Amino acid sequence: MTAASLYAAGPGPARFAAVPYRTAAPRPVDTFRILFVCTGNVCRSPIAERLTRHELAARLGAASHRFVVESAGTWGHEGAPMEAHAATVLGEYGVDSAGFAGRELLDEHVIDADLVLTATLDHRAQVISMGHAAGLRTFTLKEFTRLVRRIDPVTLPEPRGGAQLPERARALVRAAAALRGWLLAASPESDEVDDPYGAPIGMFRNCGEEIFDALDPVVTALTGVHGRD
């Protein structure tokens, strides 16, 4: 799904102007919320959401409840199922796609999130423009991966059986935000995941691989547990 085809449906600001404003409340300290954002919330962000949930459960077991992983779209198809090719790709990774329903990005989603990971720089800009002090906790997925790779894990709190996982995750976000102005991407496009909507299954497989490869070091840094080879 191209941004142009969705933007043609109506002016962007009006979509967000209708959303009731909610004052940010203190976030629960015993959980860490991750929000993935793309355009329609039927391809890239659902793949990232379900892959992340799967990897957290595989590495942490019962302690994975410390993380809440969700997704939404800047022009999200409210209630829509995941795109069929996206569901197929998830199945090839052994990940369940059942029960997914698309969501339009709302203020409350940004307010509640401890970390927002977007598909593109444009999505990142849209999230930050919504306010709620989102700038220091919003990155493109590949931007966050690039920064996380440069963070020494010994500088992060030890998970200690799961109780300190949210503290470790918040420390990781702070460290990535501090590095952002110093470690620049080779090109803006290298920090983005292209939209496969409407493309053949091969493009979805490429997208899934790109997202999985970006997520692996992120989940490792969040949990302190390496994925299985």
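This is a predicted model: local features need pLDDT of at least 70, side-chain atom pairs count only at pLDDT 80 or more; totals for chains, interfaces and linings use all residues.

Me: In what order do the strands of the open sheet run?

Reply: Strands here are DSSP runs (E, at least two residues; helices are H or I, at least four), numbered from the N terminus, and two strands pair if DSSP finds at least two bridges between them. S2 (67–73) and S4 (138–140) are the edge strands, each pairing on one side only. The pairing is parallel, and the order of the 4 strands is S2-S1-S3-S4.

Me: Which residue is the bridge partner of Val 37 in S3?

Reply: S1 and S3 pair in the parallel sense, over 4 bridges. Within S3, Val 37 has as its bridge partner Thr 118.

Me: At what angle does H6 run to S4?

Reply: Angles run from 0 to 180 degrees between N-to-C directions, with axes fitted to C-alpha atoms (for helices, over the stretch in contact). H6 covers residues 121–129 and lies across S1, S3 and S4. To S4, its angle is about 170°.

Me: Which element gives the most to the lining of the largest cavity?

Reply: A cavity is a set of points on a 1 Å grid over the protein atoms alone where a 1.4 Å probe fits but cannot get out, and lining residues have an atom within 4 Å of a point. The largest cavity has a volume of about 70 Å³, counted as the space filled by probe spheres set on the points, which are joined across faces, edges and corners. Strand S1 (32–38), helix H3 (44–60) and strand S3 (115–118) each supply at least two lining residues. The top contributor, with 3 residues, is H3.

Me: And which element gives the most to the lining of the largest pocket?

Reply: A pocket is an open set of grid points with protein on both sides within 12 Å along at least five of seven lines, and the largest one holds about 270 Å³ of space. Among its 14 lining residues, those closest to the centre are Pro 153, Arg 168, Thr 220, Ala 221 and His 226. Helices H8 (165–179) and H9 (201–223) are the elements giving two or more residues. With 3 residues, the one giving the most is H9.

Notes
Residues are numbered from 1 along each chain as its sequence is written. Side-chain values use heavy atoms; hydrogens and water are left out. Contact means heavy atoms within 4.5 Å.
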